[in-house]
Amino acid sequence: MPMRIAHLSDPHINLKYHPQHLPRLRRVLEDALGRMRADHIIITGDLTSNADARDLLTIRRLFESLGILKSSKLTVIVGNHDVFGGPHLADDLLAFPDRCRRLDYDEKVSIFQDTFAELFSDMITMDAQGYPFLKRVKNVCLLGFNSIARHSLLQNPVGSNGNISSEAHRQAFELAKHHAWQTAGSRIALLHHHTFRPRDVAHLEVADGISRGGIAARIEQHTLKLHGKRQLFKLFKAMDVDLVLHGHIHFTGSYTRDGIPCLNSAGAVYPVFRGGGYYYNVIEVDKKEQTCTAVKLEKKLTKALQEDNSLAMSVR
Ligand SMILES: [Fe+2]
């Protein structure tokens, strides 16, 4: 039986400043579970917009109500907004860097992990905080990273830059020796931050209609970067990673880096360009074959998927 995974990212739930995101996330999840018959859901970070514990609990209740608060049905990883939050009013802009400097990074990651404890219950990990981890779902093995860099006045002043430590690289390489990874039909790496460079923008397949100029302008910002991407892809190649899933820049699309297909699903709930609609990615794994499709959210859940609303890409 083929396995179908729905990937979305960056719902930025915040009942105070983005109340519309919660019903939108529910619609995307219902669409994935209903119309697309997804066996498993993956959300690659920024579940919340402001790292608010009440928003985390609201999301937890949503997962519970949909019957997916279980490891076999759902995988989540932490995003920068789940740790540092973000400025939501003009007044916040001045105070936000100081808030980032003062907050307790480890405590915030722990709150995220504890809120979704059921989803992390069967992870294989060597780290006290749980990243990187391996998780086997049927014939797919997931490798989840925490790509959120710690605060630094020069390197990460507002918490949005990314980094995966050399120790996390070492642990991931060790985890790849586990039979759960070695015997998997498909090996998928998960991280929050995007892995494309400015020069890759021309090769992005964009589903939701955001302009390449819009993407390029955003990734030129010095506060949205993942450091060490070249080393990370060396690791992915050494580990035989088949697919990379991420979020962080708010559009839905795909690209290939160093021969590895990569999907971004950060436009599912909160896209930069709203005119194109709401898309998320669906990955179908059948033995060693993966097929990835960007699926447009339809208003009627029962409506059949229109061919012209999808961007199909055979990736292996
Ligand atoms: Fe982010």
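Start with the open sheet: eight strands in the order S4-S5-S6-S7-S9-S11-S10-S8, with mixed pairing. Two strands pair if DSSP finds at least two bridges between them, and helices (H or I, at least four residues) and strands (E, at least two) are DSSP runs numbered from the N terminus. At the edges, S4 and S8 each pair on one side only.

Before you go on, a word about the model: it is predicted, so local features need pLDDT of at least 70 and side-chain atom pairs count only at pLDDT 80 or more, while totals for chains, interfaces and linings use all residues. Residues are numbered from 1 along each chain as its sequence is written, and side-chain values use heavy atoms, leaving out hydrogens and water.

**Along the sheet**

Select Ile124, in strand S4 (residues 124–125). Ile124 counts as partly exposed because its relative accessibility is 26%; buried means under 20% relative accessible area, exposed over 50%, and partly exposed in between (1.4 Å probe, protein chains only). Beyond its neighbours within four places in sequence, Ile124 is in contact (heavy atoms within 4.5 Å) with Pro132, Phe133, Leu134, Leu175, His178 and Ala180.

Next, pick S5 (residues 133–137) and S6 (residues 140–144), an antiparallel pair with five bridges. Here Val137 has Val140 in S6 as its bridge partner.

Now show helix H9 (residues 229–238), lying across S7, S9 (243–246), S10 (252–257) and S11 (260–265). H9 runs at about 120° to S11, with axes fitted to C-alpha atoms, for helices over the stretch in contact, and angles from 0 to 180 degrees between N-to-C directions.

**The iron ion**

Which protein donors does the iron ion have? Select Asp46 (OD), Asn80 (OD1), His192 (NE2) and His248 (ND1), lying 2.1 to 2.3 Å from the ion. Donors are N, O and S atoms within 2.8 Å of the metal (3.2 Å for Na, K and Ca); water is not among the atoms, so sites may look incomplete. Asp46 is in the loop between S2 (40–44) and H2 (53–65), and His192 in the loop between S7 (186–190) and S8 (205–206), so the pair ties together parts 146 residues apart in sequence. Asp46 counts as buried, at 1% relative accessibility, as does His192, at 0%.

**Into the core**

Finally, select Phe63, Val76, Phe116 and Tyr280, the residues with the most contacts inside the largest nonpolar core, which has 58 residues. Such a core is a set of buried Ala, Val, Leu, Ile, Met, Phe, Trp, Tyr and Cys residues joined through side-chain atoms within 4.5 Å. Apart from that core lies another, of 33 residues, including Leu235 and Phe251.
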